[in-house]
Amino acid sequence: MNETGKELVAKFYQALADMDVEAFLSIQQDDVEYNVHGSTPVSGHFTGKDFLENVVAPKVFGNLQLETFQFATKWKVMCADEHRVVAFMEAQGLAKNGERYDQRYCHVFGFRDGKIAQVFEFFDSALAEHALFDNPLTMAETPPAQRFQF
């Protein structure tokens, strides 16, 4: 596989958009390393596709209305070199508790041997706690007049 980091990131987001678990996992190293910011039930440092598939995915996907939820409705690579890619991604839809989970993510990807080897993930953790994990943290009542744009 001689793909560039940008091509791998496009495949990562397209697999999320298509909810294609096989494609999503196939472009990542078996020992892929994730660093997820915050103190949510899926935050922290973890290694391996098994952990991603058997622990993280059920905690996130299990709390979404997957029949209507859409990951990667929009994404954009902000910068890239031969070692790293930084990108933004949007997702939208309802959580199982009926709350909107319209989330924005920032990802920093690292690569090894033609696959994704490292992912740093940043997102609105208050929104995740509220919508996905029924932890009603204080949230802004109204969105800002001018939303963050990418």
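How many helices and strands are there in the protein? This one is a predicted model, and the protein has 4 helices and 6 strands. Reading from the N terminus, the elements go α-α-β-β-α-β-β-β-β-α. The radius of gyration is 15 Å, close to the 15 Å from the globule rule for 150 residues, so the protein is as compact as a globular protein of that length.

**Overall build**

- The C-alpha trace spans about 45 × 35 × 25 Å along its principal axes.
- Of the 150 residues in the protein, 41% count as buried.
- If you look at contacts with a separation of 6 or more, 51% of them come from residues 24 or more positions apart.

- Helix 3 gives the largest share of the lining, with 6 residues.
- Elements that each supply at least two lining residues include helix 1 (5-18), helix 2 (21-26), helix 3 (49-61) and helix 4 (125-133).
- Strand 1 (28-36), strand 5 (103-112) and strand 6 (115-123) also each bring at least two residues to that lining.

- For background, most residues other than glycine have a negative phi.
- Ala-72 has a phi near 55 degrees, a positive value in a residue other than glycine.
- You can find Ala-72 in strand 3 (residues 70-80); it counts as buried because its relative accessible area of 5% falls under the 20% cut-off.
- Asp-134 isn't a glycine either, yet its phi is positive at about 50 degrees.
- Asp-134 sits in the segment after helix 4, and it counts as exposed because its relative accessibility of 56% is over the 50% cut-off.

**Met-89**

- Strand 4 (residues 84-92) is where Met-89 is found.
- Is Met-89 buried or exposed? With 2% relative accessibility, Met-89 counts as buried.
- Met-89 and Leu-8 are 81 residues apart in sequence, and their C-alpha atoms are 14 Å apart in space.

Key
Residues numbered from 1 in each chain as written. Predicted model: local features only at pLDDT ≥ 70, side-chain atom pairs only at ≥ 80, totals over all residues. Heavy atoms only, no water. Buried < 20%, exposed > 50% of the residue type's maximum accessible area, 1.4 Å probe, protein only. Rg over C-alpha atoms; globule rule 2.2 N^0.38 Å. Contact = heavy atoms within 4.5 Å.
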